[in-house]
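Hi there,

Here is the structure I promised to pass on. Have a look at it first, and then read my notes below.

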Amino acid sequence: MIRSVVRGNGAALPRRIMKNADFEGMVETSDEWIVQRTGIRQRHVAADDETTASLGEAAARAALDSAGLTPADIDLIVLATSTPNNTFPATAVEIQNRLGMHHGFAFDMQAVCSGFVYAVATADLYIRGGLAKRVLVIGSETFSRILDWSDRSTCVLFGDGAGAVVLEAAEGAGSIADRGVLAASLRSDGVHKEKLFVDGGPSTTGTVGHLRMEGREVFKHAVGMITDVIEATFAQAGITAQDLDWFVPHQANKRIIDASAKKLGIAEQKVVVTVDLHGNTSAASVPLALSVAVADGRIKKGDLVLLEAMGGGFTWGAVLLRW
Ligand code: UT7
């Protein structure tokens, strides 16, 4: 059977780093509160000339380089983002143009923090369905542009950045030993909209709006939802937590990551944590975490890797792949 195998990956971060202490003069907060409650120590914040498209393009170029490919080799770009450059056209199409790519097709996918997990699962279906041979899957966000910088309960939590992978069609035996995407489980439920949403949009206010979150409410649901989709993914693949080499979760809060790993019985040393470095970068968080763990030599060819995310909507999901 056809498998979607990761051929390369890359990342891009804005130049400016904001430390927790930088918020202390802006809102009533402290480095101590932020570290204790979230694990975040710093985040990157985009300058005016750094956009979802420019960061996405840079991550895409890095992923192509690591794969030894050029834009000419790509058939499809799927960009996961909730902070597009424009309401339309899709920022994926803008990235396609920035890459000098005038063949194939590109589209955005909007599943907030779960966007990259949704996008990998979607790209896998395009590949297995024969509509594409090589897909650039990108998560790129500039959440700094939709934050209310006077709201301490949200502005300290998020950051900007982008990450990307190149998925390529390859023949597999149909077993769990294959490289590539092996299983996926996606969920959403709009009943939770008010707990995490943006209070503007083209069809309602005609404005971009600001992110609003009832953090405690999101937290209450997060661990149960995350562990449910992961258990569904394990069941699909016929594996247990012990079989995993790496757990690469969405990076929203270290306490959520720790509680999820503990509930699933995933050993602490198998968990990739980058929330301290990047904050919550929404759809970019999982590919950014992947890029760190690949660059430092933790994730290697043949490793069994579990991706997971949960966010606004609510949306949540997991993807199991062999690197
Ligand atoms: O990516 C999408 C998914 N999003 C998430 O997963 C986020 C989920 N939620 C969380 O990570 C946590 O709920 C937060 C980090 C947002 C908050 O942590 P918490 O332990 O749930 O704190 P809390 O909301 O219960 O607030 C505790 C206190 C409150 O004060 P009172 O009401 O107890 O007097 C807040 O007003 O902390 C206060 N607070 C702050 N204090 C200092 C809220 N934000 C801050 C702040 N600095 N930045």
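**What I found**

Apart from neighbours within four places in sequence, K263 touches V223, G224 and T227 (contact means heavy atoms within 4.5 Å). K263 sits in helix 7, residues 254-264, where helices are DSSP runs of H or I with at least four residues, strands are runs of E with at least two, and both are numbered from the N terminus. With a relative accessible area of 54%, K263 is exposed (exposed is over 50%, buried under 20%, partly exposed in between, using a 1.4 Å probe and protein chains only).

Before you go on: this is a predicted model, where local features need pLDDT of at least 70 and side-chain atom pairs count only at pLDDT 80 or more, while totals for chains, interfaces and linings use all residues. Residues are numbered from 1 along each chain as its sequence is written, and side-chain values use heavy atoms, leaving out hydrogens and water.

Now for helix 3. Which of its residues are buried? They are T91, A92, I95 and Q96. These four cover an arc of only 150° around the axis, so they lie on the same side of helix 3 (the arc is that of the directions from the helix axis to the C-beta atoms). Among the elements covering the buried residues of helix 3 are helix 2 and strand 4 (76-80). After helix 3 comes G100, with a positive phi near 70°.

Cheers
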